[in-house]
Amino acid sequence: MNQTVSAPAPKKKHRNLAQGVVEGFTTSIQAGTLKPGEKLPTESVIMEMHGVSRTVVREAISHLQAAGLVQTRHGIGTFVLEPQPANIFSSDTIRTIGDVLAILELRISLETEAAWLAATRRTEEQVALMDAALKRIVASQNRSGAVESDKAFHLLIAQSTGNRYFVDILSDLGNTIIPRARLDAEQLAHDDPVAYQERVNREHDDIYNAILRKDAEAARAAMRTHLSNSRERLRRAQQEVSQ
């Protein structure tokens with residue numbers, strides 16, 4: 001019989017409340033305090049433990065699901081998963097701009113369809129979480145914070161498809177789904193960092209707004225534009241490096 005086990009509350013105040021909850025559970029899972037098959041506390045208990053809202057808890061659970069640490073069984077609860085074996089998209093196999101470009105080619109075919117499905121299947125809660133992720137990107141004071149929120153936005157779109165395999169593949173890709181997590185592409189391509197981020201933010205807004213209004217074709221086109229622009233920026237960066 002599965003037993004509910006609590007994760008310790010974070011010891012310090014986190015700027016990103018959801019990330020604080022994620023870190024608490026991740027630490028417990030990695031330390032073995034929470035074992036595979038065990039059930040996480042209910043949303044209400046987690047809210048009380050961490051002093052956060054229900055939206056924050058649900059966002060944190062989404063991050064844990066995307067990381068392959070837990071699985072939610074509707075009507076039953078959220079359970080810790082068995083550790084996953086290393087995947088082919090690890091940092092050991094993806095090292096160069098060319099590698100990231102190849103990943104982008106894969107993502108263009110995958111995520112354009114994910115955006116189309118998300119626009120037809122998304123829930124109000126999911127678009128609210130997407131909106132929150134985009135606001136965190138804009139408000140982020142550092143590169144790593146923007147990268148994590150960017151990754152969360154793309155994973156939320158995958159989750160909104162209702163097809164777990166989109167989530168599984170993007171989760172396996174990890175930080176490779178955000179090129180600037182691995183490469184300073186905007187600097188290599190001589191892009192102004194502020195202009196670069198503003199351009200990316202506009203592209204994200206186009207994707208989000210299409211999904212919000214349930215315009216599947218516009219969502220697909222906006223995602224293709226976003227990823228194709230990323231590919232073009234990386235190609236320019238690759239040319240700079242090879243000269």
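Residues are numbered from 1 along each chain as its sequence is written, and side-chain values use heavy atoms, with hydrogens and water left out. In this predicted model local features need pLDDT of at least 70 and side-chain atom pairs count only at pLDDT 80 or more, while totals for chains, interfaces and linings use all residues.

The protein contains ten helices and two strands. Helices (H or I, at least four residues) and strands (E, at least two) are DSSP runs, numbered from the N terminus. Their order from the N terminus is α-α-α-β-β-α-α-α-α-α-α-α. Of the 243 residues, 45% are buried. Buried means under 20% relative accessible area, exposed over 50%, and partly exposed in between (1.4 Å probe, protein chains only). Contacts were counted where heavy atoms lie within 4.5 Å. Among contacts between residues at least 6 apart in sequence, 72% join residues at least 24 apart.

Strand β1 (residues 70-73) pairs with β2 in the antiparallel sense, over four bridges. Two strands pair if DSSP finds at least two bridges between them. Val 70 stands opposite Val 80 in β2. Strand β2 (residues 77-80) points Gly 77 and Phe 79 one way. Thr 78 and Val 80 point the other way, and all four residues are buried.

Side chains of opposite charge can pair when their charged atoms come close. The structure holds 13 salt bridges. A salt bridge is a side-chain nitrogen of Lys or Arg within 4 Å of a carboxyl oxygen of Asp or Glu. Arg 220 and Glu 113 form one of them, at 2.9 Å from N to O. This pair links distant parts of the chain, 107 residues apart. Arg 220 lies in helix α10 (residues 216-242), and Glu 113 lies in helix α4 (residues 97-121). Arg 220 counts as partly exposed, at 25% relative accessibility. Glu 113 is also partly exposed, at 29%.

Arg 220 also meets Glu 217 in a salt bridge, at 3.2 Å from N to O. These two residues are three apart in helix α10, so about one helical turn separates them. Glu 217 is partly exposed, with a relative accessible area of 48%. Another salt bridge joins Glu 124 and Arg 122, with the closest N and O atoms 2.9 Å apart. Glu 124 is exposed at 55% relative accessibility, whereas Arg 122 is buried at 7%. Glu 43, Arg 54, Arg 58 and Glu 125 are linked in a network of salt bridges.

Rolling a probe the size of a water molecule over the atoms shows where empty space is left. The structure holds three cavities of 30 Å³ or more. A cavity is a set of points, on a 1 Å grid over the protein atoms alone, where a 1.4 Å probe fits but cannot get out; lining residues have an atom within 4 Å of a point. Grid points are joined across faces, edges and corners, and a volume is the space filled by probe spheres set on the points. The second largest cavity has a volume of about 50 Å³. Its lining consists of Glu 59, Ser 62, His 63, Ala 66, Ala 152, Leu 155, Leu 156 and Gln 159. The lining divides into four nonpolar residues, three polar and one charged. Ala, Val, Leu, Ile, Met, Phe, Trp, Tyr, Cys and Pro count as nonpolar, Asp, Glu, Lys and Arg as charged, and the others, Gly among them, as polar.

How values were computed. On a 1 Å grid over the protein atoms alone, a cavity is a set of points where a 1.4 Å probe fits but cannot get out, and a pocket is an open set with protein on both sides within 12 Å along at least five of seven lines; lining residues have an atom within 4 Å of a point.
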